[in-house]
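This report describes the fold of a single protein chain and then follows selected residues through it. Please consult the sequence and the model while reading.

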Amino acid sequence: MPAAVPVWFIFLAALGALYLSAACIPLLAHLALCLRRPIDLRRRYGTWAVITGPTTGLGKATAMELASRGISLVLLDLDAANLQSVSESIARTHPSIQTKTVVFDLSLVGTAAGDQSMRELREAVEGLDVGVLVNNAAVATRERCTCTRRTWSGWRG
């Protein structure tokens, strides 16, 4: 007849099993994340994306990543030479991807020059299946921005 198992042994075995399962759950979640199929961005969002500020940094990295996933790009920036450089780089790396470039100064929005740029942008995206907007460009001014308690509370709603 087998000897009785002490209660403390059963308690420690249950505690160990609980600890082991708690350690394995994050590993299994990570494994599931690694093994899943990549999301088909073209099917989910459309075949074109508009990217502002795509010539350097995060904007350029985002443009290259979207191009690698099969999304054609409309690129907006201030500098036509930089836009052409990025467009050529995308064409070399991903020959099947179409790119359109529009010189656009976001600081001119609401002015006559901004209206002309807006017309050019509308013409560039006319008839395209645009499903993604990456708004990476920023408008910076040289004036100092000070927030008083009154304006800050107004921003919070």
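What share of the 157 residues in the protein is made up of buried residues? Buried residues account for 24% of them.

## Overall architecture

The model is predicted. The protein contains six helices and four strands. Read from the N terminus, its elements follow the order α-α-β-α-β-α-β-α-β-α.

Contacts across the sequence can be described by their separation along the chain. Among contacts between residues at least 6 apart in sequence, 65% join residues at least 24 apart.

## The sheet

The four strands form an open sheet in the order E3-E2-E1-E4, and their pairing is parallel. From one strand to the next, the twist averages 15°.

Strand E1 (residues 48-52) and strand E2 (residues 72-77) run parallel and are joined by five bridges. Within this pairing, tryptophan 48 has serine 72 of E2 as its bridge partner. Two helices are described here against the sheet. H3 packs on the sheet and touches E1, E2 and E4, with its direction at about 170° to that of E1. Helix H5 (residues 112-125) also packs on the sheet. H5 touches E1, E2, E3 and E4, and its direction makes about 170° with that of E3.

## Burial of strand E1

How many of the five residues of E1 are buried? Five of the five are buried, and the strand is mostly covered. In a regular strand, side chains alternate between the two faces of the sheet. Both faces of E1 are covered. Trp48, Val50 and Thr52 are buried on one side, and Ala49 and Ile51 are buried on the other.

## Packing of helices H3 and H4

Two packed helices are described by the angle between their axes and by the distance between those axes. Helix H3 (residues 57-68) packs with helix H4 (residues 80-93) at an angle of about 30°, and the axes are 10 Å apart. Because angles under 35 degrees count as roughly parallel, H3 is roughly parallel to H4. The crossing of H3 past H4 is right-handed.

Which residues make this contact? H3 contributes Lys60, Ala63, Met64 and Ala67, while H4 contributes Val86, Ser89, Ile90 and Thr93. By class, the residues of the contact of H3 with H4 comprise five nonpolar, two polar and one charged.

## Residues of helix H3

Lysine 60 is located in helix H3. With a relative accessible area of 31%, lysine 60 is partly exposed. Apart from neighbours within four places in sequence, lysine 60 is in contact with Gly53, Pro54, Thr55 and Val86. Lysine 60 and asparagine 136 are 76 residues apart along the chain, and their C-alpha atoms are separated by 9.6 Å.

Leucine 66 also has its place in helix H3. Is leucine 66 buried or exposed? Leucine 66 is buried, and its relative accessible area is 10%. Leaving aside neighbours within four places in sequence, leucine 66 is in contact with Leu41, Ala49, Ile51, Ile71, Leu73 and Val134. Leucine 66 lies 24 residues from arginine 42 in sequence, with a C-alpha to C-alpha separation of 9.6 Å.

Leucine 41 belongs to helix H2 (residues 41-45). Its relative accessibility is 14%, and leucine 41 therefore counts as buried. Beyond neighbours within four places in sequence, leucine 41 is in contact with Gly46, Leu66, Arg69 and Ile71. Although leucine 41 and glycine 131 are 90 residues apart in sequence, they are 9.4 Å apart in space, C-alpha to C-alpha.

Serine 87 lies in helix H4. At 11% relative accessibility, serine 87 falls under the 20% limit for burial and so counts as buried. With neighbours within four places in sequence set aside, serine 87 is in contact with Leu75, Thr99 and Thr101.

Key
Residues are numbered from 1 along each chain as its sequence is written. This is a predicted model: local features need pLDDT of at least 70, side-chain atom pairs count only at pLDDT 80 or more; totals for chains, interfaces and linings use all residues. Side-chain values use heavy atoms; hydrogens and water are left out. Axes are lines fitted to C-alpha atoms, for helices over the stretch in contact, and angles run from 0 to 180 degrees between N-to-C directions. Angles under 35 degrees count as roughly parallel, over 145 as roughly antiparallel, 65 to 115 as roughly perpendicular and the rest as oblique. A crossing is left-handed if the near helix is turned anticlockwise from the far one by less than a right angle, and right-handed if clockwise. Contact means heavy atoms within 4.5 Å. Ala, Val, Leu, Ile, Met, Phe, Trp, Tyr, Cys and Pro count as nonpolar, Asp, Glu, Lys and Arg as charged, and the others, Gly among them, as polar. Two strands pair if DSSP finds at least two bridges between them. Buried means under 20% relative accessible area, exposed over 50%, partly exposed in between (1.4 Å probe, protein chains only).
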